[in-house]
Amino acid sequence: MTPISLTLSDIYMLTGFLLSLYTCVSNDVIQTLGTFLSTNQNRPFWILWLFSGAILVLTFVLGWYFNDGDMSFGRLAKIPFAGEFQWYHVLPPVVIIFLTRKGVPVSTTFLILSVFSSNTVIGLMLAKSFLGYVLAFICAFVLYFIISRPVEKIFLYTKDKPPSKGWYMAKWGATAFLWSQWLMQDAANLFVYLPRKLDFWQMILSMIAFLLLLGVVCYKRGGEIQNILKLKTNTQDIRSATIIDCVYAFILMYFQHVNNVPMSTTWVFVGLLAGREVAMYNRIRFLTRKKVYKHVAKDLLKTILGLLVSIVVVLLINHFDKICKLLDYYFNL
């Protein structure tokens with residue numbers, strides 16, 4: 001048997017993949033599995049893990065099969081494989097891990113993909129993500145302006161009563177729909193460190209790594225960033241959570257058909273929650289204006305902060321050689 005030899009570039013590639021895999025799941029799980037974890041707190045974590053893991057495997061195996069080994073669903077068509085990896089390629093997911101622990105909703109798309117992208121692609125990702133925030137805000141505002149009084153108001157005043165079994169079935173179905181849509185949308189972030197075409201065993205090994213890390217996230221019930229969701233009006237109610245998941249899933253599905261440019265799902269999710277909160281305040285005024293707009297502004301500021309940090313890190317990495325030469329020049333004057 002021929003021994004497997006790994007170059008330093010291979011080690012950086014694999015390390016970057018595992019770290020980006022963990023950061024994408026732990027940072028973005030609030031967007032997809034957040035309400036699922038919140039409304040199933042009394043269930044053993046392994047049941048939630050098996051369910052979400054089954055959807056994950058089904059989505060990616062079918063995607064790998066129908067896209068000729070492309071695990072990114074075409075999202076990396078405009079981003080070439082790096083080929084030669086350096087230590088600084090591992091830096092973006094490390095920064096995301098730090099910010100996630102602080103509860104900052106940093107965009108994994110900007111921070112990870114921008115390191116491998118041209119300025120043109122970065123501009124397209126920014127434009128599409130900002131459009132996602134605006135569209136999600138408008139859709140959520142219009143929808144909840146209509147349904148807040150006849151639907152959400154009833155949910156709020158009956159939240160102490162157990163919902164019917166039909167709502168539990170609807171929630172699990174909505175979670176499966178949303179989780180699969182998110183996986184297809186964020187596949188670029190997950191597999192940017194790997195070759196654009198994977199063989200069978202490479203696909204299997206990547207799925208095993210994904211499942212193990214997903215189990216950790218399910219066990220921790222989402223982590224610190226989960227607080228963004230918990231602070232929103234009645235998101236712990238399984239009925240409200242089901243509606244949120246469905247709206248978010250349809251918005252992601254729409255953007256999948258716009259073009260194959262990656263986008264930040266974090267911006268879409270924050271926009272959706274902001275539109276929902278503003279509409280519900282204007283219709284049922286369950287919270288004070290100060291609390292509502294404080295939450296909306298705080299989430300937006302955190303998202304902008306995450307974007308600014310992403311831009312700074314990307315600039316430092318992309319111009320690392322120039323910065324070193326400049327520092328060397330000044331220190332040797």
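A residue is termed buried at under 20% relative accessible area, exposed at over 50%, and partly exposed in between (1.4 Å probe, protein chains only). The model is predicted, so local features need pLDDT of at least 70 and side-chain atom pairs count only at pLDDT 80 or more, while totals for chains, interfaces and linings use all residues. Residues are numbered from 1 along each chain as its sequence is written, and side-chain values use heavy atoms, with hydrogens and water left out.

Three salt bridges are present in the structure, each defined as a side-chain nitrogen of Lys or Arg within 4 Å of a carboxyl oxygen of Asp or Glu. Arg-276 pairs with Glu-277, with 3.4 Å between the closest N and O atoms, and both Arg-276 and Glu-277 are buried. Through shared partners, salt bridges join Glu-152, Arg-276 and Glu-277 into one network.

The Glu-152 to Arg-276 salt bridge has an N to O distance of 3.7 Å. This pair links distant parts of the chain, with Glu-152 in helix H6 and Arg-276 in helix H12 (residues 265–284), 124 residues apart. Helices are DSSP runs (H or I, at least four residues) numbered from the N terminus. Both Glu-152 and Arg-276 are buried.

A salt bridge also connects the side chains of Asp-245 and Lys-171 (2.6 Å, N to O). Here helix H11 (residues 238–256) contributes Asp-245 and helix H7 (residues 165–185) contributes Lys-171, 74 residues apart. Asp-245 counts as buried because its relative accessibility is 2%; Lys-171 is buried, with a relative accessible area of 0%.

Phe-145 lies in helix H6 (residues 119–157) and is partly exposed, with a relative accessible area of 34%.

Key. Helices (H or I, at least four residues) and strands (E, at least two) are DSSP runs, numbered from the N terminus.
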